[in-house]
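This report describes one protein model together with its ligand. Please examine the sequence and the structure before reading on.

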Amino acid sequence: MDDTSRSTHDAGQPPLVRLTDVNKHFGALHVLKDINLSIQRGEVLVVIGPSGSGKSTLCRAINRLETIDSGTIEVDGKQLPEEGKALATLRADVGMVFQSFNLFAHKTILENVTLGPIKVKGMKPQAAKELGLSLLERVGVESQAQKMPAQLSGGQQQRVAIARALAMQPKVMLFDEPTSALDPEMINEVLDVMVGLAKDGMTMVVVTHEMGFARKAAHRVVFMADGQIVEEADPETFFTAPKSTRAQDFLSKILTH
Ligand SMILES: Nc1ncnc2c1ncn2[C@@H]1O[C@H](COP(=O)(O)OP(=O)(O)OP(=O)(O)O)[C@@H](O)[C@H]1O
Ligand SMILES: [Mg+2]
C-alpha cells in the first residue's frame, strides 16, 4: 500500500475499537497491564511480541472470549456486553481467525461458510449460499465448495476460515497468528488474501511475526512485552529503528531465524 492509501481512514471519526485501562489476570499472573489502545476505521494494526506477552489474550478480550478484570472495551462506540443476545450481536461484529482453522469437519466447505449467516443472522439459505460462494471466490477456493475440510490443504482451509469469518459481515477482523501453523509454501496464499482485505479497507488487528505482511499492509505496529504495550510505530520505523531494548532484542532474535 502506498502512503496515500495508508492515511485514508478518517481521523475525525471515533475509533472502531477502543480499549481503556484494560487489566486482566490469570490467577496471580498479570497478563494485560493498563492497556490503552484505539483502532481506527480501516486501520490495519499488527501486534508483535514475545511468547506469553499477552497478544492472544488481547485479541480474545476484544471479542470477549476472555473477560477482563477492569477497564473498558468498546466496539463501534458500544461497550462489550456481559452476555446474552447483545453479546452474540457484538461477536458477529468482530470476526476472528485463529492459528488452527477449526473448520467443522463434518460439513462441506460451503456449509462451513453459510452456517453462521443462517443460524445467527437468520439469512435465507439461498442468499447465504450466494454470499458463501462469492466469499469463497474472493479467497480463491470456490472450486472446493462441495469438499470436506480434510480434503483441503492447510492454506486452503485457512482461507476458508477467513471466508467464514467474513460471512458474518464483521466490522473488524482479528487474526491471531493465522499463518504460523502452515507449511512455508502456503503462508503467502493466506497473507495475499489478508493484504487484499486490507486494501479493501477492512479494519484488522493481526498478531503475526510476518514482517513482509506488516510492511506491505500495516498502518501501525504495536509491540507488546509482559502484558504491556511497550512501543508503537509505523512498520518501517519499528522494523528499522526500534526504540526500546525489549523490541531491539526481540527483533534481533526473530531476524536471525
Ligand atoms: N486460560 C489461561 N489460564 C491461565 N494462564 C493463561 C491462560 N491463557 C493464557 N495464559 C497465560 O497468559 C500469558 C499470556 O498468554 P497469551 O496467550 O496471551 O500470550 P501470547 O503473547 O499470545 O503468546 P504466544 O506468542 O505464545 O501465542 C501467558 O503467560 C500464558 O501462559
Ligand atoms: Mg498467542
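## The ligand and its surroundings

In this predicted model, the side chain of S51 has an N or O atom 2.6 Å from an oxygen atom of ligand 1.

| Side chain (N or O atom) | Distance to an oxygen atom of ligand 1 |
|---|---|
| S51 | 2.6 Å |
| S56 | 2.8 Å |
| T57 | 2.5 Å |

On its own, ligand 1 has 640 Å² of accessible area, and the protein covers 58% of this. Two elements, β2 (29-39) and α2 (55-62), each give two or more residues to the shell around the ligand. Helix α2 gives the most, with three residues. The residues surrounding ligand 1 include F26, P50, K55 and E177. By type, the shell divides into four nonpolar, six polar and two charged residues.

## The sheet and its helices

The model also contains an open sheet of six strands with mixed pairing, in the order β6-β7-β8-β3-β9-β10. Strands β6 (94-97) and β10 (228-233) form the edges, each pairing on one side only. From one strand to the next, the twist averages 20 degrees.

In general, the strands of a sheet pair through backbone hydrogen bonds, either parallel or antiparallel. Here, β3 (residues 44-48) and β8 (residues 203-207) run parallel and are joined by four bridges. Within this pair, V46 has V206 of β8 as its bridge partner.

Two helices lie across strands of the sheet. Helix α10 (residues 245-255) lies across β3, β9 (220-225) and β10, at about 100 degrees to β9.

Note on methods:
Residues are numbered from 1 along each chain as its sequence is written. Chains are lettered from A and ligands numbered from 1 in the order in which they are written. This is a predicted model: local features need pLDDT of at least 70, side-chain atom pairs count only at pLDDT 80 or more; totals for chains, interfaces and linings use all residues. Side-chain values use heavy atoms; hydrogens and water are left out. Two strands pair if DSSP finds at least two bridges between them. Axes are lines fitted to C-alpha atoms, for helices over the stretch in contact, and angles run from 0 to 180 degrees between N-to-C directions. Contact means heavy atoms within 4.5 Å. A residue is near a molecule or strand if one of its heavy atoms lies within 4 Å of it. A polar contact is a pair of N or O atoms within 3.5 Å; within protein, one must be able to donate a hydrogen and the other to accept it, and residues adjacent in sequence count only if both atoms are side-chain atoms. Accessible areas come from the Shrake-Rupley method with a 1.4 Å probe; for residues, only the protein chains shown count as cover. Ala, Val, Leu, Ile, Met, Phe, Trp, Tyr, Cys and Pro count as nonpolar, Asp, Glu, Lys and Arg as charged, and the others, Gly among them, as polar.
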